[in-house]
Amino acid sequence: MSVIAAISTPNAPGGIAVIRVSGEGAIDVAARVFRGKDPRKMEGYTCAYGCAYDGDERLDDCILTVFRAPHSYTGEDTAEFSCHGGLYVTKRILRTLLNNGAEIAQPGEFTKRAFLNGKLDLTQAEAVMDIISARGSAELKIAEGLREGAVFRKVNSCSKRLMKLLGDLAAWSDYPDEDIPYVEPEELSHELKSIREELNSLLKNYDSGKLLREGIPTVIVGKPNVGKSTIFNSLSGCERSIVTDIAGTTRDIVEESVMLGDITLRLSDTAGIHETEDIIEGIGIRIAEKALENALLVIAVFDGSCPLTADDFYLLDKLNAHRIIAVINKSDLEQRLDESIFQEKNIHTVFISAKNSSGLTELRYAVEEMFSLNEECFSTATAANERQKNCIVSALDSVTEAINALDRGEMLDGVNVLLDEAEQSLLELTGERVTNAVVDEVFSRFCVGK
Ligand code: GDP
């Protein structure tokens with residue numbers, strides 16, 4: 001494969017930047033740019049101090065690390081220039097490498113090569129991108145499990161078991177005259193049910209995993225001045241919404257991803273929902289009501305230092321059907337709110353002081369409980385994205401159909417076809433039998449340099 005090069009560190013000034021070159025001849029390309037030690041004489045997993053040159057022009061001090069095929073990320077000869085992390089100097093070194101025989105790498109091309117060279121299966125390649133985009137330890141744990149091959153191992157074992165069944169069926173039907181034992185439909189059905197269970201377990205925590213990966217669409221509602229913006233700011237750690245003492249100042253929806261412990265909330269801070277004559281405020285309220293329809297979690301905020309008002313009751317009426325956590329804010333002040341209405345409506349309540357950032361742990365527990373986000377979600381092998389999920393679902397459909405066909409006493413030939421379909425779906429999942437279009441689609445989501 002050709003020699004490709006890209007800057008693997010972010011497109012921003014930093015202490016150090018890394019420019020990666022990979023492919024057959026990568027070390028020769030590096031040798032044309034690096035001076036200090038001859039990279040062609042360097043062994044794999046070694047580095048040398050020197051300088052990058054464009055012809056006779058010295059560009060920067062560098063550490064060059066050499067990896068020899070197949071012992072590199074891509075499985076190919078690879079050289080990495082670690083230089084000063086200035087944007088200009090980094091781009092100059094890349095340009096010089098391109099002028100000396102390398103081609104610019106496409107997004108995800110290093111990882112794609114790792115996949116094509118058998119260093120990773122497709123689920124592990126996808127995990128690399130998940131690791132890069134992980135925002136919290138839960139997401140990272142899920143991605144690490146995937147990277148270590150948790151999903152691959154389970155799928156691969158199902159695939160091998162299917163393959164064995166297919167082999168038995170083929171031998172029996174292809175050589176009817178030989179003394180090959182008849183495949184007992186009952187035994188076959190028993191084995192298929194066990195495979196079905198395994199495949200189902202890969203989907204069990206899919207929804208929770210998705211929530212952990214993508215964040216929970218969340219809306220904060222409450223009448224003006226209860227402290228919604230302050231809560232929002234104390235979660236996001238910066239002043240984004242307008243916080244004032246004048247009721248009704250938060251008019252537009254401000255959206256931001258914030259972390260509540262390990263959980264990402266895709267949080268919308270909205271205008272308070274209450275009855276109003278004010279036209280502009282009314283628009284904000286309608287936007288808030290719309291956001292409510294799309295939210296999976298509603299954090300309804302009340303001011304614990306005042307008795308509930310007509311606006312609070314109006315809001316509670318609107319919220320009946322939603323997944324609500326009632327947050328009683330301003331717990332640092334004298335409490336004058338009667339909570340019995342929340343008990344009557346069976347609404348989970350949490351007391352916090354947004355001003356002092358206290359009570360946020362209890363809020364996290366409430367969210368974890370509501371969405372069953374427990375240790376199991378990120379410790380068990382689970383499909384990590386729609387592509388993987390769809391492959392498992394279609395394998396499951398075929399296996400279930402095969403079980404039903406056996407129950408109806410149908411011919412084993414038909415069962416054979418269904419098992420073959422299931423097998424194809426699993427091979428597509430791991431990437432062992434996959435179209436170029438699927439591979440291109442997977443890697444198109446990667447960043448340049450990975
Ligand atoms: P919003 O209209 O619901 O967004 O309310 P704001 O976040 O703008 O807060 C209204 C007022 O309540 C501001 O003066 C905040 O400083 C104050 N506030 C918010 N949270 C607390 C809290 O936990 N304790 C106290 N004592 N005041 C708070």
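How many of the residues of strand 12 (residues 324–329) are buried? The legends below open with that strand.

The structure is a predicted model, in which local features need pLDDT of at least 70 and side-chain atom pairs count only at pLDDT 80 or more, whereas totals for chains, interfaces and linings use all residues. Residues are numbered from 1 along each chain as its sequence is written, and side-chain values use heavy atoms, with hydrogens and water left out.

**View A. Strand 12 is mostly covered, with 6 of its 6 residues buried.** Buried denotes under 20% relative accessible area, exposed over 50%, and partly exposed the range in between (1.4 Å probe, protein chains only). Strands (E, at least two residues) and helices (H or I, at least four) are DSSP runs numbered from the N terminus. In a regular strand the side chains alternate between the two faces of the sheet. Ile324, Ala326 and Ile328 lie on one side of strand 12, Ile325, Val327 and Asn329 on the other, and all are buried. Two strands are taken as paired if DSSP finds at least two bridges between them. Strand 12 pairs with strand 11 (residues 297–303) in the parallel sense over 6 bridges, and Ala300 stands opposite Ala326. Strand 12 also runs parallel to strand 13 (residues 348–351), to which 4 bridges join it; here Ile325 stands opposite His348.

**View B. Seven strands make up an open sheet in the order 3-4-5-6-2-1-7, with mixed pairing.** Strand 3 (34–35) and strand 7 (103–104) stand at the edges with a single partner strand each, so one side of each has no neighbour in the sheet. Strands of a sheet pair through backbone hydrogen bonds, either parallel or antiparallel. Strand 4 (residues 46–54) and strand 5 run antiparallel and are joined by 9 bridges. Within this pairing, Ala48 has Leu64 in strand 5 as its bridge partner.

**View C. Phe115, Phe443 and Phe446 are linked into a cluster by ring pairs.** Rings of Phe, Tyr and Trp (its six-membered ring) pair if their centres lie within 6.5 Å; planes under 30 degrees apart count as stacked, over 60 as edge-to-face and the rest as tilted. By this rule the count comes to 5 aromatic pairs. Phe115 and Phe443 have ring centres 6.2 Å apart and planes at 35 degrees, so this pair is tilted. The pair links distant parts of the chain, with Phe115 in helix 3 (residues 109–116) and Phe443 in helix 17 (residues 436–444), 328 residues apart. The rings of Phe443 and Phe446 also form a tilted pair, because their centres are 5.2 Å apart and their planes stand at 40 degrees. Phe115 is buried at 10% relative accessibility, Phe443 is buried at 2%, and Phe446 is buried at 7%.

**View D. Charged side chains sit over the rings of Tyr53 and Tyr73.** A charge is assigned to this position if NZ of Lys or CZ of Arg is within 6 Å of the ring centre and within 35 degrees of the ring normal. Arg35 lies over the face of Tyr53, at 4.0 Å from the ring centre. Over the ring of Tyr73 sits the charged end of Lys450, 4.3 Å from the centre.

**View E. A nonpolar patch on the surface is formed by Ile279, Ile283 and Ile287.** Together these residues have about 280 Å² of accessible area, a quantity computed by the Shrake-Rupley method with a 1.4 Å probe, where for residues only the protein chains shown count as cover. Patches are made of residues with over 30% relative accessible area and no salt bridge, like charges being joined within 9 Å and nonpolar side chains (Val, Leu, Ile, Met, Phe, Trp, Tyr) within 5 Å. A salt bridge is a side-chain nitrogen of Lys or Arg within 4 Å of a carboxyl oxygen of Asp or Glu. Ile283 belongs to helix 10 (residues 279–294) and, at 43% relative accessibility, is partly exposed.

**View F. The backbone has a cis peptide bond from Ala69 to Pro70 and a positive phi at Asn225 and Ser357.** Omega of the cis bond is near 5 degrees, and Pro70 is in the loop between strand 5 (57–67) and strand 6 (78–85). Asn225, a residue other than glycine, has phi near 80 degrees; Asn225 is in the loop between strand 8 (216–221) and helix 9 (228–236) and is partly exposed at 37% relative accessibility. Ser357 is likewise not a glycine, and its phi is about 55 degrees. Ser357 lies in the loop between strand 13 and helix 13 (360–370) and counts as partly exposed at 40% relative accessibility.
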